Amino acid sequence: MTTLERTLVVLKPDAVARGLVGRLIQRFEDAGLKITGVKMAQLDDDMTRKHYFDLEERFGKEIYDANARAMQRGPVIAMVIEGVEAVANVRRLVGGTYPNEAPPGTIRGDFAHQSKAYAMSLDKGVANLVHASGNVDEAKYEVALWFGEGEQFEYKTLAEAYTF
Ligand code: ADP
């Protein structure tokens with residue numbers, strides 16, 4: 001049985017500053033996915049910690065701090081995206097973490113090229129434009145963290161009669 005899911009996408013400060021918001025949102029809409037919430041936000045330390053709650057544990061303080069600086073460098077656009085197995089489908093469209101390894105056709109492969117080694121040599125977060133929830137549990141946590149009930153919407157798209 002297939003399942004309709006909601007997942008969190010954040011267009012990071014590098015995507016907003018590069019003027020890629022429209023083109024990146026277009027990728028998700030083109031795939032027939034539905035935006036059910038959207039907003040601009042400036043992250044502070046508290047929200048960064050809640051969003052990347054296990055990043056320091058996974059990668060250490062230096063990488064956490066480098067990413068926190070990158071995420072707070074400017075505003076982000078956060079979205080809730082709904083669709084059939086949306087969590088995995090959105091990750092597929094976004095591509096792997098390191099842009100130099102992400103295949104062409106993915107957002108990170110088409111719009112970025114930075115490597116892990118380069119970012120680490122400069123003590124920077126990997127500039128990979130987009131955050132997308134990693135799995136269904138993470139998506140539930142992240143959607144609830146970023147969006148209140150009143151900030152998510154129900155509506156019909158013209159395409160969904162054929163997709164959902
Ligand atoms: P993803 O965003 O693909 O789910 P992770 O959750 O593993 O990847 O990492 C979160 C973010 O941390 C990545 O998107 C990337 O921007 C950054 N990052 C990951 N590894 C490194 C690293 N070695 N050095 C600097 N930044 C990193």
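**Figure 1. Overall size of the protein chain.** For 164 residues, a compact globule would have a radius of gyration near 15 Å, and the protein chain agrees because it has 15 Å. That radius is taken over C-alpha atoms, and the globule rule is 2.2 Å times the number of residues to the power 0.38. Along the principal axes, the C-alpha atoms fill a box of roughly 50 × 35 × 30 Å. This is a predicted model, where local features need pLDDT of at least 70, side-chain atom pairs count only at pLDDT 80 or more, and totals for chains, interfaces and linings use all residues. Residues are numbered from 1 along each chain as its sequence is written, and side-chain values use heavy atoms, with hydrogens and water left out.

**Figure 2. Helices and strands.** The protein chain has 10 helices and four strands (DSSP runs numbered from the N terminus: H or I of at least four residues for helices, E of at least two for strands). Read along the sequence, the order is β-α-α-β-α-α-α-β-α-α-α-β-α-α.

Figure 3. An oxygen atom of the ligand lies 2.8 Å from an N or O atom in the side chain of Arg-91. For the side chain of Asn-128, an N or O atom is likewise 2.8 Å from a ligand oxygen.

**Figure 4. The shell around the ligand.** There are 17 residues around the ligand (a heavy atom within 4 Å). Among these, Arg-58, Arg-91, Thr-97, Val-126 and Asn-128 come nearest. α4 gives the most to the shell, with three residues.

Notes
Polar contact = N/O pair within 3.5 Å; in protein donor to acceptor, adjacent residues only side chain to side chain.
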